[in-house]
Amino acid sequence: MTGDVKYEVDAGFFDAVENDRLYSAEDMNRPYKKLISNGVFATPSGEASDYLQVLTAEDGMNVIVSAGYALIGDKWFENPSDLMITLTQNSEVLTRIDSIVAQVDKTQAGRAGNIVYRKGTASSNPVHPDINTEEDIAEFRLADIRISPSCVEITQSLITDCRGSDECPWVTSLIYQVDTSTLYAQWQAA
């Protein structure tokens, strides 16, 4: 309107005219940050699912990471089909804990989603290997697998499912819960 004073803020997306509009992947992902929390997708009813679950392949040192979807580091992540991973036998005299990790590498050289097998260190008190906490490499620990020196076959009892934990949360809703306390206080005052 005539006499308006405008203060420009970020908005999008608009058609380019003579290439005056360039958008990055970050621009494309920005709306998701307000709608969806990072995590592995659960079922539509909010129950746990088998998405990205690590299961025994019942075939020696092999495990299967089931197909599934997640939002990791504000990027969509999809394992389109079951993926078989062969774990390394333990040649040490002590037990180790290995991890299967879902990773989004946002570095310039990476720019990819990965399922990572991370081998632990044998110890009398084994702990799982660390997951990356750098901003440009986001990781969720899908499972830990306990590998004893005598282990020649991975059974389901050796696998600890980490989905649904702090290190690998569930996405259970497309919208965060709305805080209505301010609205309620206004209503009370009225």
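Which residues does Leu-87 touch, not counting residues up to four places away in sequence?

1. Leu-87 touches Met-61, Val-63, Asp-98, Tyr-117, Ile-145, Ile-147 and Ile-154, where contact means heavy atoms within 4.5 Å.

2. This is a predicted model, in which local features need pLDDT of at least 70 and side-chain atom pairs count only at pLDDT 80 or more, while totals for chains, interfaces and linings use all residues. Residues are numbered from 1 along each chain as its sequence is written, and side-chain values use heavy atoms, with hydrogens and water left out.

3. Two helices and eleven strands make up the elements of the protein chain; these are DSSP runs numbered from the N terminus, with at least four residues for helices (H or I) and at least two for strands (E). Of its 190 residues, 32% are buried, that is, under 20% relative accessible area (1.4 Å probe, protein chains only).

4. The largest nonpolar core has 24 residues, and Leu-87 is among those touching the most other members, as are Val-54, Val-63, Ile-72, Ile-100, Leu-142 and Ile-154. Such a core is a set of buried Ala, Val, Leu, Ile, Met, Phe, Trp, Tyr and Cys residues joined through side-chain atoms within 4.5 Å. Strands E3 (62-65), E4 (68-72), E7 (96-105) and E9 (137-147) each supply at least two residues of this core, and the largest share, six residues, comes from E9.

5. Ten of the eleven residues of E9 are buried. E9 pairs with E7 in the antiparallel sense over ten bridges, pairing requiring at least two bridges found by DSSP; Asp-144 in E9 is the bridge partner of Ser-99. Three bridges join E9 to the antiparallel strand E10 (residues 159-161), where Asp-161 is the bridge partner of Ala-143.

Conventions. Buried < 20%, exposed > 50% of the residue type's maximum accessible area, 1.4 Å probe, protein only.
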